[in-house]
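Keep the model open as you read.

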Amino acid sequence: MKNRLRMNSSLTEYLEGTLFIAPWLIGFLVFMAFPIGYSLFMSFQNVTITASSTTTEFIGWTHYRTILFENGSILYNDLLPFLRQALFMIPIIVIFALLIAMMLNQPFAGRTLFRAIFFLPVILATGEVVKEFLMQGEGELGFMAKYNVSGIIGAYLSPTWSTPLISILNSFVLILWYSGVQILIFLGGRQTISNSAYEAARIDGAGPWETFWKITLPAMTPFIFLNMIYTVVDLFTFPTNPILQRVRESEYGQYSALIWIYFAIISVFLTIIFYVFHLATKPQRAAR
């Protein structure tokens, strides 16, 4: 009887989960599955588009060999600097969002207004707006030119690492501007922590620093993981992404191959994050 009830409960949970995911699944099958599969097909074709028709000729792995081994400028000249820049941007955005979320969670006058201010750019700013801001030099930190920070960084770091770091600082305000979703996720995560845990810690004599490291940070680990994934995907689809700009300039078959290579690179980044999260949460799972 107990086994039957357990099976019925599991089946109910499975059906409920399927029901909730059904709208996305239907939308994926109707609107996305065919274009994705067709782009994979086109990556193995030489595509000729005319005013009246589109012709394809099967050429196998030619596009992939060209991009990866024969013509490095298609991928590596743009990809490697962007990857180095992303290595700086991902922790900056996540750490900034975590700190701002901790401050916005405190009780103070105008807290709702400040929460709206940090999230408003996510709603209002489009890709074209961001590119126009960057082209006009907006988003730069004023002290960069005043104190010659770029020159100091260039003097102590090689051009390989100083160039992406200076580029980040030159658009720092816009990068932090795009932390609204991460801040919202961290706010939601912070509010899942019971206040009784903090009260018990204060009774035991723990200060703010100890409670942050012993209570807040471990409880926020799943939300840090979620924000890392979101930030990686957001950065790799950022309007100023040089790979996406390169894609628009390529021949259609080559463009499709480049997209699938780029998808594989994003998957590697996400796999690394999953692995690091697994190592970080291993002691917590062992303690249970």
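Start with the hairpin: strand 1 and strand 2 form it, with four residues between them. This is a predicted model, so read every value here as computed from it. Strand 1 covers residues 45-49 and strand 2 covers residues 54-58. The two pair in the antiparallel sense, over five bridges. Asn46 stands opposite Glu57 in strand 2. Val47 stands opposite Thr56, also in strand 2.

Now step back to the whole protein. It has 14 helices and two strands. The chain counts 288 residues, and buried residues make up 33% of them. The protein exposes about 18200 Å². Carbon and sulfur atoms supply 68% of that area. How much of the contact count comes from residues 24 or more positions apart? Take the contacts with a separation of 6 or more: such residues account for 71% of them.

Next, look at the surface of the model. Ile21, Trp24, Leu25, Ile26, Leu29, Val30, Phe31, Met32 and Ile36 form a nonpolar patch there. Together they have about 930 Å² of accessible area. Pick out Ile36, one of the patch residues. Ile36 sits in helix 1, which spans residues 2-42. Is Ile36 buried or exposed, or something in between? Its relative accessible area is 34%, so Ile36 is partly exposed. The cut-offs explain the label: buried means under 20%, exposed means over 50%, and partly exposed lies in between.

Move on to helix 2, residues 62-70, and find Thr66 there. Thr66 has a relative accessible area of 17%, so it counts as buried. What does Thr66 touch, leaving aside its neighbours within four places in sequence? Its contacts are Asn71, Ile74 and Gln254.

Now turn to the aromatic rings. The structure holds 16 aromatic pairs. One is formed by Phe82 and Phe236, and it is edge-to-face. The rings are 5.3 Å apart, centre to centre, with 85° between the planes. Why does this pair tie together separate parts of the chain? Phe82 lies in helix 3 (residues 76-104) and Phe236 lies in helix 12 (residues 208-236), so the pair joins parts that are 154 residues apart in sequence. Both Phe82 and Phe236 are buried.

Phe225 is buried, because its relative accessible area is 14%. Phe274 is partly exposed, because its value is 45%. Return for a moment to Phe82 and Phe236. With Tyr262 and Phe269, they form one aromatic cluster.

Stay with Phe274 in helix 14. Which residues does Phe274 touch, not counting those up to four places away in sequence? They are Phe225 and Ile229. The C-alpha atoms of Phe274 and Met228 are separated by 9.6 Å, although the two are 46 residues apart along the chain.

Finish at Ile229, which lies in helix 12. Its relative accessibility is 18%, so Ile229 counts as buried. With residues up to four places away in sequence left out, Ile229 touches Leu270, Ile273 and Phe274. Now look from Ile229 to Ile90. These residues are 139 apart along the chain, and their C-alpha atoms are separated by 9.6 Å.

Technical notes:
Residues numbered from 1 in each chain as written. Predicted model: local features only at pLDDT ≥ 70, side-chain atom pairs only at ≥ 80, totals over all residues. Heavy atoms only, no water. Pairing = 2+ DSSP bridges. Buried < 20%, exposed > 50% of the residue type's maximum accessible area, 1.4 Å probe, protein only. Contact = heavy atoms within 4.5 Å. Patch = residues over 30% accessible without salt bridge, like charges linked within 9 Å, V, L, I, M, F, W, Y side chains within 5 Å. Areas by Shrake-Rupley, 256 points an atom, 1.4 Å probe, with all protein chains shown as cover. Salt bridge = Lys/Arg side-chain N within 4 Å of Asp/Glu carboxyl O. Phe/Tyr/Trp six-rings, centres within 6.5 Å; stacked < 30°, edge-to-face > 60°.
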